[in-house]
Structures are given as C-alpha cells and as structure tokens.
Amino acid sequence: MTEAKAPGHGPLTGVRVLELAGIGPGPFAAMLLADLGADVVRVDRPGGPGLGIDPAHDVTHRNKRSVIVDLKAPGGAARVLDLAERADILIEGYRPGVAERLGVGPEDCHARNPRLVYGRMTGWGQDGPLADRAGHDIAYIALTGTLGMIGDPDRPPAVPANLLGDYAGGSLYLVVGVLAALHHARATGTGQVVDAAIVDGTAHLSAMIHGMLAAGAWQDRRGANLLDGGCPYYGTYETADGLHMAVGALEPRFYAEFLRLLGLEDLASAHADVAQWPELRERVAERFRTRTREAWTAVFDGSDACVAPVLSLREAPHHPHLAARATFTDHGGTTQPAPAPRFSATPTAVRTGPARPGADTDDVARDWDVPRLLSPPVNPQRKASS
C-alpha cells in the first residue's frame, strides 16, 4: 500500500480513510480523523444524501475530498473496492446487511485488503432484536437510561440535541475503535471489523453514574442528585434579562466563595444539609433575578466560585477565553469549532472547507492510483435510495 500523497497536517498524516456517505455520526467521525491529518475520501451518492443542507456550509465535510460513485450501478462496487484496497480505514453507516448487498461489505473489502479496519456506525448495532429497525439519536439514548436522567423532575426528559448519542456515544467511540484497530493492524498485519453502536457508547458514558447508583450515592430519578440539577449549587439560574448563569460550586471552598459573592453567607450550612436545599435554591434564584447576566458575569469574574454565563452558539466564539485559545475558527466565511484536541509536535488545522460532492475525483484517482474512478459514471443523476 502506498502512502497518501494528499497534503496533511496532524498526527494521522499518511493514514487513508474511505468514508461511505451517510449522515450524522459517520461523517462527524470521518471529520475528526480528517482534522487529525488523515487523507479522508468521501464516496458520495449521486444526488447527495437528501437532507437539503448546502454542502458549502456542512463543516462535517471539511478537510476531506469527495468522489461520486453510484453503488447500485454496474461497476460501482468495483470502484469502491479499488479505493478500499488502498485505504487503512473504511467507515460506513448503513443498516446491517446493506453494505454486503451492495458488494462492499467486510468480506468483500478484506478479500482485497486484509489489513483494512472496517468501521461500522449504527444506532442499534450489528445484531440484537432492534438491529434492523430505523431509529435516531433520541431513541437510542432513551433505551440506555441516559435520556431519562436529563431535565426537571416534573417535566418530560430534556432533549440534549443529538450531541449525547450521535456524537459522544457514536462518533467518538467509532474513532477510538478504528484507531485502536489500526494500531493492531499495523502490529499484526490483520484488519478487523469495528461495531460501533450508539446504544453501546452512550451506555458506556454513564459508567460513573452506574457506580454511584450501585453505591447508593445516586437516585434513579431526575433532579434528585448532585450532578443532575437536583443540587442547588450545581445548576442554572435565570437573570434579570431572561438569560442564565451556570453554577458548579461543588467543593466547600468554591461554595463559600459563591455565597460570598452572592451575599448569602448565612446559608453556609446548607452545603451539606439537604433539608436546607429548597430554601437555598429559592434564595439563590431570587438573588440572580436582581441583575443581568452581564452584571453577574462581572461579579464572578476572576473568582473560583465556578460560575459562568450560559452563552448561545453565536455568542460563544466571542468569549474572551475561547477567543484567546482560538477554540473557534473562521474558514471560508463560516465560523466553526477548531480541531481538537491539540498536539505539540503535529498541530492540526482546518485545511480546506467542506468537500463538494465529486469535486476531487481527478485528484483522488491520481493520488490513490485508482484510474477506474475516471470511467464515465452510469446514470449519474439517479439518486441512490439505500
């Protein structure tokens, strides 16, 4: 296998990743690998995924290159297998069995490239009673018990966008899995299949809570625990202008500083006395409602009270700390999170904007030595439906 010739920056420079187009956690996982320097080639379908998002703004396709292959057309699977033969990692997010029916399943790919790490991203996993069922983030996290932990006790569970399931329980576990398998493949010469299921990853994220539950330190209901909003000094409060402050003054010395800046020192004993928590919550809420979010931010600035303003997505990039660290970046006129984490010897960057479907076919055919990509496509406007 020849090394990737596309320019890269980051610790994964030289690693080739083949992404079979999908939505949600698969593309995000491939973006993370691309941010880390891998040469990621996305195989797009004719007509696109059908989500109606302008490709120019889909930052999950940054730092990638794109080719278009109709896997349902004659010769489509052969083109993908040519790419898989030259890849280190493949990522797909189809329902179980779909890749096999299309001729690009693990057996087909490993016949051409025994060292390939074949990453599979699904919600339910490759087996089990629900494996063939449709689903989305909210259903996956519902069954793991994690959705039921979030929100006020007297209201339905709060929906954490699709961050908890798709991206934390899905994408990040897929990335950890394929990188671990890549390490094994390079040591042994043998690839393998990585079954990354959102239900598995999301359940795994709750490991500490399950330990606390077993120890009797966590109640199995919302809003009754130290870290789920049940504690009045770990939660959010409305300010005079209808905005919010976040409080995380868990340790006694941080709690003392929190009370001092609020002017509520008489409630010091409430830290360890659950019976006083209702009064503490009421008085803290009342105090926060007396000033604006900006005013309270100034009060707690420079302190160890563990209090921060709750910012919107558009506000966050302008916060002084995040701006100083360049946590967000602007590329092509789109503000977006910068690559993370950071590396001292192999720094990462947003090198290119979102890959436009099919725009890189010539370059990929040359760099990966796959001339068949340049063959005329069959029915290029026909949308794939799998």
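Biologist: Hi! Which residue stands opposite His-244 in E8?
Modeller: That's Glu-238. Bear in mind that this is a predicted model, where local features need pLDDT of at least 70, side-chain atom pairs count only at pLDDT 80 or more, and totals for chains, interfaces and linings use all residues. Residues are numbered from 1 along each chain as its sequence is written, and side-chain values use heavy atoms, with hydrogens and water left out.

Biologist: Over how many bridges do E7 and E8 pair?
Modeller: Five, in the antiparallel sense, with E8 spanning residues 244-248. Two strands count as paired if DSSP finds at least two bridges between them. Strands (E, at least two residues) and helices (H or I, at least four) are DSSP runs, numbered from the N terminus.

Biologist: And what order do the strands of that open sheet have?
Modeller: E7-E8-E9, three strands with antiparallel pairing. The edge strands are E7 (234-238) and E9 (307-309), each pairing on one side only. The twist averages 20° from one strand to the next.

Biologist: Which helix lies across E7 and E8?
Modeller: Helix H10, residues 277-288, running at about 40° to E7. Axes here are lines fitted to C-alpha atoms, for helices over the stretch in contact (heavy atoms within 4.5 Å), and angles run from 0 to 180 degrees between N-to-C directions.

Biologist: New topic: how many salt bridges does the structure hold?
Modeller: There are 18. A salt bridge is a side-chain nitrogen of Lys or Arg within 4 Å of a carboxyl oxygen of Asp or Glu.

Biologist: What does Arg-65 meet in a salt bridge?
Modeller: The side chain of Asp-39, at 3.0 Å from N to O. Arg-65 sits in strand E3 (residues 64-68) and Asp-39 in strand E2 (residues 39-44), 26 residues apart.

Biologist: Buried or exposed, that Arg-65?
Modeller: Buried, because its relative accessible area is 12%; buried means under 20%, exposed over 50% and partly exposed in between, with a 1.4 Å probe and protein chains only. Asp-39 is buried too, at 7%.

Biologist: Nice. What about Arg-120, which residue is 2.6 Å away in a salt bridge?
Modeller: Glu-92, taking the closest N and O atoms. Glu-92 is in strand E4 (residues 89-92) and Arg-120 in strand E5, 28 residues apart. Arg-120 also forms a salt bridge with Glu-100, at 3.0 Å.

Biologist: How accessible is Glu-100?
Modeller: Its relative accessibility is 37%, so Glu-100 counts as partly exposed. Arg-120, in contrast, is buried at 5%.
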